[in-house]
Amino acid sequence: MSAQRFRGPVLPDGEARDLYVVDGRITYEPQPGADTAAEGWIVPGLVDAHCHLGLDDFGPTDAEATEQQAIDDRDGGALLIRDAGSAADTRWIHDRDDLPRLIRCGRHIAATKRYIRNYAHEVEPAELAAYAAQEARNGDGWIKLVGDWISRDEGDLAPSFPAEAFRDAIDAAHAEGAKVTAHCFGHGVLPGLIEAGIDCIEHGTGLTEDLIDAMVAHGTRLVPTVMQLDKFPEHAAAGQERFPAYAQTMTDLYARMPATIMAAYEAGVPIYAGSDGGGISRHGNIAGEVEALVRIGIPAHDALGAASWRAREWLGVDGLTEGASADFVVYDRNPVEDLSVLRTPTTVVLRGVARGR
């Protein structure tokens with residue numbers, strides 16, 4: 001394969017460089033005769049750290065729909081996806097060099113009749129650890145628990161399982177070599193999960209100062225999915241008549257949301273970008289989540305890093321290092337100064353194959 005040259009400032013440091021792609025790999029060694037494929041701002045392949053390939057409003061999608069979701073994500077610059085739970089078996093994506101790299105959580109694990117229909121394994125507390133071990137073996141090093149959801153008996157958000165059941169499930173997944181994350185909107189489920197050593201929290205709107213300190217102490221990560229949190233007023237309105245306590249909780253959580261996430265950021269909790277694509281959220285919009293992180297106060301460079309170089313490091317995937325797979329995105333202006341350019345990449349390079357607009 002002939003060498004290709006890409007020229008321009010390379011993030012995160014912004015140093016202008018010539019980057020070459022040879023046989024699908026990055027090198028900074030000059031390649032005589034290399035064709036210049038693109039010029040512009042070069043960013044390590046974007047990462048969607050909370051995405052749901054193979055899922056729509058009603059449950060699992062077929063392979064054709066899943067493929068289109070993956071293409072939409074790829075063309076939006078997301079070249080690495082941590083799938084945060086899917087009812088579809090998406091292992092076949094690993095065999096497609098033209099689709100994003102995928103880290104699968106397997107299927108969500110939820111309490112019986114306490115989650116979106118057709119999405120999750122719905123289990124009783126005594127079964128939770130066994131299902132956690134099962135999904136740990138079936139996934140790509142992660143599993144996804146549903147930490148809390150509305151309880152019709154209580155009329156409000158409530159933990160899906162007792163704290164000891166969560167602890168046993170986390171221990172079971174860790175014994176299989178997998179990390180654990182959990183959907184958490186409210187406060188009540190968080191102390192037990194963090195103390196039990198959970199690796200990541202999704203959403204995290206119920207965090208308080210003491211729990212943020214505990215996350216820092218335990219090294220717990222946070223993927224807030226701000227665009228999904230922006231739907232809280234809709235959830236509150238939908239539940240107002242039957243579940244007024246739940247509606248008030250969601251309203252209060254949303255009002256505090258920017259301050260909550262910024263408190264975690266300022267305390268040093270590592271934060272990553274996730275679009276929550278799948279279900280009611282569209283795919284291919286990691287740019288929107290970076291913009292949302294900036295909107296609530298995170299500096300643009302850190303917000304982009306949360307969806308690029310820092311997220312890749314967290315998930316154990318190389319960035320723009322010598323010999324790494326050529327997975328990067330080229331933009332015609334500096335995305336740190338103008339985040340809107342994230343929506344219109346000039347060139348997307350995945351496994352050394354360049355795709356232009």
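Strands here are DSSP runs of E with at least two residues, helices are runs of H or I with at least four, and both are numbered from the N terminus.

Before I go on, a word on what we are looking at. This is a predicted model, where local features need pLDDT of at least 70 and side-chain atom pairs count only at pLDDT 80 or more, while totals for chains, interfaces and linings use all residues. Residues are numbered from 1 along each chain as its sequence is written, and side-chain values use heavy atoms, with hydrogens and water left out.

Is Arg 82 buried or exposed? Arg 82 is buried, at a relative accessible area of 0%; the cut-offs, with a 1.4 Å probe and protein chains only, are under 20% for buried, over 50% for exposed, and partly exposed in between. Contact means heavy atoms within 4.5 Å, and beyond its neighbours within four places in sequence, Arg 82 is in contact with residues including Asp 48, His 50, Trp 142, Glu 202 and Trp 314.

Let's follow Glu 202. Glu 202 forms a salt bridge with Arg 82, with the closest N and O atoms 2.6 Å apart; the rule asks for a side-chain nitrogen of Lys or Arg within 4 Å of a carboxyl oxygen of Asp or Glu. Glu 202 sits in strand S16 (residues 200–203) and Arg 82 in strand S8 (residues 78–83), so this pair ties together parts that are 120 residues apart in sequence. Glu 202 is buried too, at 0% relative accessibility.

Now for some other pairs. Arg 91 and Asp 89 meet in a salt bridge at 2.8 Å, N to O. Here Arg 91 is partly exposed, at 41%, and so is Asp 89, at 46%. Arg 167 and Asp 168 also form a salt bridge, with 3.4 Å between the closest N and O atoms. Arg 167 is partly exposed at 41%, and Asp 168 is partly exposed at 36%. How many salt bridges does the whole structure hold? The search finds 16.

Let's zoom out to the domains. The assignment gives domain 1 (4–43 + 318–356) and domain 2 (46–315), and such bounds come from an automatic or database assignment. Their centres, taken over C-alpha atoms, are 30 Å apart. Domain 1 brings 22 residues to the contact and domain 2 brings 25.

How much area is buried between domain 1 and domain 2? The figure is about 2,000 Å², with 61% from carbon and sulfur atoms; buried area is the accessible area (1.4 Å probe) that two parts lose on being put together, summed over both. On the domain 1 side, Leu 339, Arg 343 and Arg 351 lose the most area to domain 2, together 29% of what that side buries.

Finally, the charged links across this boundary. Between domain 1 and domain 2 the count is 4 salt bridges. Elsewhere in my notes I have Arg 312 with Asp 327, a salt bridge whose closest N and O atoms are 3.8 Å apart. Strand S19 (328–331) and strand S20 (347–350) are the elements that give two or more residues to the side of domain 1 that touches domain 2.
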